[in-house]
Amino acid sequence: MRAFVGIDFTEEIKDEIYGFQQKLKGYAQRGRWKHRDNFHLTLKFLDEISPAQKTDIDEALLRLCHKERPFNLELKGLGVFTGKESIRVLWLGLAGDIQEMESLHQKVSQALVPLGFPPERRRFSPHITLGQDIVFEGGFEEINAKIEGFEFSPTHVERIHLFKSEQIQFKRIYTKISEYPLG
């Protein structure tokens, strides 16, 4: 199965993100928007894993997370990864206990190296994807100015999850298959 390690959000936070996304949709000509239930923060993409690998991942991450402390995050700032003619990825940034989150990302990556998952070559750029291939009616800076001041509730991260990613009826579905409490 295709899998990744990430941070899930409460239903209330997902509702806030969804409301923000809907506001942004009003300024877009077109794009592919993430489904409300798929809002998450990826810590480590694993690609395809076997049932035996899942068991090993569970053991490694339970051991690791037992030693880690919960932390707080805030959703803050709108950003983009650009494409040729569109915004390749439109995302929400993060604030709060960023060092703790980045440390957890690094430790998760290191814990999975002995299991055959190489460390990411790209720099870790934590974000929550809102949509892809977005074309706004105005420029990104103009849209960003219109939605400035939108605030989200802080979130307390007490656990991370292993998610499976499936394509079901032309729709990407993320399902939590393991949970690793922090502390």
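Helices (H or I, at least four residues) and strands (E, at least two) are DSSP runs, numbered from the N terminus. This is a predicted model, in which local features need pLDDT of at least 70, side-chain atom pairs count only at pLDDT 80 or more, and totals for chains, interfaces and linings use all residues. Residues are numbered from 1 along each chain as its sequence is written, and side-chain values use heavy atoms, with hydrogens and water left out.

Select strand E3 (residues 40–48), where Asp 47 is found. Asp 47 is partly exposed, at a relative accessible area of 35% (buried is under 20%, exposed over 50%, partly exposed in between; 1.4 Å probe, protein chains only). Apart from neighbours within four places in sequence, Asp 47 is in contact (heavy atoms within 4.5 Å) with Met 1, Arg 2 and Ala 3.

Next, select helix H2 (residues 51–66) and helix H3 (residues 98–112), whose axes come within 10 Å and cross at roughly 140°. Axes are lines fitted to C-alpha atoms, for helices over the stretch in contact, and angles run from 0 to 180 degrees between N-to-C directions. Show Ile 57, Ala 60, Leu 61 and Leu 64 of H2 with Lys 107, Val 108, Ala 111 and Leu 112 of H3, which make the contact.

Finally, select helix H1 (residues 11–25) and helix H4 (residues 140–147), with axes that come within 11 Å and cross at roughly 130°. Here Phe 20, Lys 23 and Leu 24 in H1 meet Ile 143, Lys 146 and Ile 147 in H4.
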